[in-house]
Amino acid sequence: MEKGKDEPEFDRIFQNAPAKEPERQYYFIEQAKKIVAKQNKALGRRQKMCCVTFGCQMNARDSEKLRGILENIGFEKTEEEEDADFIIYNTCTVRENANQKVYGRLGYLHSLKKKRPSLMIALCGCMMQEPEVVEKLKKSYRFVNLVFGTHNIYKLAELMAQVLANPQDMVIDIWKDTDRIVENLPVDRKYSFKSGVNIMFGCNNFCSYCIVPYVRGRERSRKPEEILAEIRRLAADGVREIMLLGQNVNSYGKNLEHPMTFAELLEQVSAVEGVDRIRFMTSHPKDLSDELIRVMASHPNICPHLHLPVQSGSSRILKEMNRRYTKEQYLALVGRIRKAMPDISLTTDIIVGFPGETEEDFQETLDVVEKVRYDSAFTFIYSRRTGTPAAAMENQVPENVVKDRFDRLLNRVQDIAREQSARFEGRTMDVLVESVNEQDSSLVTGRLANNLVVHFPGDASLIGKIVPVHLDRCQGFYYLGSPAAS
């Protein structure tokens, strides 16, 4: 980085920084805080930051950490980019249109920066791990102040110190991979009553269509004692629901000094006092063990909901995808799950139009949908991602054929989901209230343990509480209910 007029002060800050983490980042939080405080005084107000999240639950959790660090530095939160003095985009790159969406938004940010040259802009997350993206930013988006990736999220305070000392430069800090996990940094949770908890990072599966291992790196698991300590702190702070997060939670613990299974971790988490609901995401079918099924069935605070991506119903396509299970193995797994937990809600991901997919392959996918009867499914048109093996495969499926199959799949998935949802009509079930209903302020909105949405009469005093609700009427993908006597 070319240093400007603040070079002596900048050098002093870095020369005095401790080497150990997280102490180093707390040191930089204090240094950045001093600079921001001076700027706030000159402006006569507190500066605002806006953190915009694209993508999955992992990104959402990363954004909570980013906001926590920025708030500690001295920024105030805002949801409006027009009001912000600092804007950070936490990006996704699972599909090509995710990248295009970010580039489109950058054009808007450029116009904002022309109006307010002091506006600071940062980009981080999965998209930044692609070398061609960084080169494009350096060439065409020089107004961006900070670019970093997925492996050094924890370094935001240190990177901010560089940006604040020399705002005229573009700071770029991209790591190809890391085995480092830095604990106990600030977090700004979106909800007071529920929270995600990372149990591992990265992915070793290398599904042929997926770019995640290339942008998130290899699998690395957090120590169980660190995970449990975090969950106990959250429970003491009033959190009722925990979502354990990982690209493939079922492979948790393999790289620990003392290996343990995800089922063993889940059993320990279920014993933490004060945690009423435990969820997890995402599960890879090849790694989902009978031990995990037993643990789920044995503990009432483990939610009866399992997201189990199938991706395709064709064993031939699954092999090309490098999924390492067959259609028959997947269906047998579902059978074991349903035998242990008859009322469980199963959800999935399905890709339509993978290279070489024939109508016969597609019919195999429809057959899985009919046999499993998912409560909901995320359906995707195959997106060609540069750098993945599938991108170089021949027999890319014509767009019109893919669109026709996608529409047929979506219609059937939705029909089954409506039928599946309706099976709870007339029951009284517990709802974790999440918000006042956006369309009707006389209603509140919450979720059943199986993740179905319920709207029923109530007010803001119920938010964060688990209350019994009679499920009066299924409206397809949600319920209208009424409070039940507790």
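Trainee: Which residues is Trp175 in contact with, once its neighbours within four places in sequence are left aside?

Mentor: In this predicted model, Trp175 is in contact with Gln129, His151, Asn152, Tyr154 and Lys155, its neighbours within four places in sequence being left aside. The word contact is used because heavy atoms lie within 4.5 Å. Trp175 itself sits in the loop between E6 and E7. Its C-alpha atom is separated by 9.8 Å from that of Met128, a residue 47 places away along the chain.

Trainee: What else is found in the loop between E6 and E7?

Mentor: Asn184 is found there, between strand E6 (171–173) and strand E7 (194–198). Its phi is positive, about 65°, although Asn184 is not a glycine.

Trainee: Why is Asn184 called partly exposed?

Mentor: Its relative accessible area is 42%. Buried means under 20% and exposed means over 50%, so a value in between counts as partly exposed. Asn184 therefore takes that label.

Trainee: Which other residue has a positive phi without being a glycine?

Mentor: Arg324, with phi near 65°. Arg324 is placed in the loop between H11 and H12. At 47% relative accessibility, Arg324 counts as partly exposed.

Trainee: What is the volume of the second largest pocket, and which residues are closest to its centre?

Mentor: The volume is about 580 Å³. The residues closest to the centre are Lys65, Val182, Glu183, Asn184 and Val187, from a lining of 28 residues. Helix H3 (57–73) and helix H8 (224–236) are the elements that give two or more residues to this lining.

Trainee: How many of the lining residues are nonpolar, polar and charged?

Mentor: The lining divides into 13 charged, 10 nonpolar and 5 polar residues.

Trainee: Asp62 lies in helix H3. Is Asp62 buried or exposed, and what makes it so?

Mentor: Its relative accessible area is 5%. The limit for buried is under 20%, and Asp62 is therefore buried. Beyond its neighbours within four places in sequence, Asp62 is in contact with Asn90, Ile153 and Arg216.

Trainee: What makes Val52 count as buried?

Mentor: Val52, in strand E1 (residues 48–53), has 14% relative accessibility and so counts as buried. With neighbours within four places in sequence left aside, its contacts are Glu81, Ile88, Tyr89, Asn90 and Arg105. The C-alpha atoms of Val52 and Ile416 are separated by 34 Å, and the two residues are 364 apart along the chain.

Trainee: How do you know that the length of helix H14 agrees with its number of residues?

Mentor: Helix H14 (residues 399–421) has 23 residues, which at 1.5 Å a residue should span 33 Å; the end C-alpha atoms are 32 Å apart, and this agrees. The buried residues of H14 include Val402, Phe406, Leu409, Val413 and Ile416. Among the elements that the buried residues of H14 pack against are H12, H13 and strand E14 (376–381).

Trainee: How do you know that the buried residues of H12 line one face of the helix?

Mentor: The buried residues of H12 are Lys327, Tyr330, Leu333, Val334 and Ile337. Seen down the axis of H12, they fall within an arc of 125°, and therefore they line one face. An α-helix has 3.6 residues a turn, so residues three or four places apart point the same way. On the other side of H12, Glu328 and Lys339 are exposed.

Trainee: What do the buried residues of H12 pack against?

Mentor: They pack against helix H10 (290–298), strand E12 (305–307), helix H11 (315–320), strand E13 (345–352) and helix H13 (359–372).

Trainee: Is the peptide bond from Met281 to Thr282 cis or trans, and what is its omega?

Mentor: Omega is near 5°, and the bond is cis. The peptide bond from Glu21 to Pro22 is cis as well, with omega near 5°. Pro22 is found in the loop between helix H1 (7–15) and helix H2 (23–43), whereas Thr282 is found in the loop between strand E11 (277–281) and H10.

Trainee: Why does Thr282 count as buried?

Mentor: Its relative accessibility is 18%, and buried means under 20%. Thr282 therefore counts as buried. Its contacts beyond four places in sequence are Gly246, Gln247, Asn248, Val249, His307 and Pro309.

Key. Residues numbered from 1 in each chain as written. Predicted model: local features only at pLDDT ≥ 70, side-chain atom pairs only at ≥ 80, totals over all residues. Heavy atoms only, no water. 1 Å grid on protein atoms, 1.4 Å probe; cavity = no way out; pocket = protein on both sides within 12 Å on 5 of 7 lines; lining within 4 Å. Points joined across faces, edges and corners; volume = space filled by probe spheres on them. Helix = DSSP H or I, 4+ residues; strand = E, 2+ residues; numbered from the N terminus. Nonpolar A, V, L, I, M, F, W, Y, C, P; charged D, E, K, R; others polar. Buried < 20%, exposed > 50% of the residue type's maximum accessible area, 1.4 Å probe, protein only. Arc of directions from axis to C-beta. Expected span 1.5 Å × (residues − 1).
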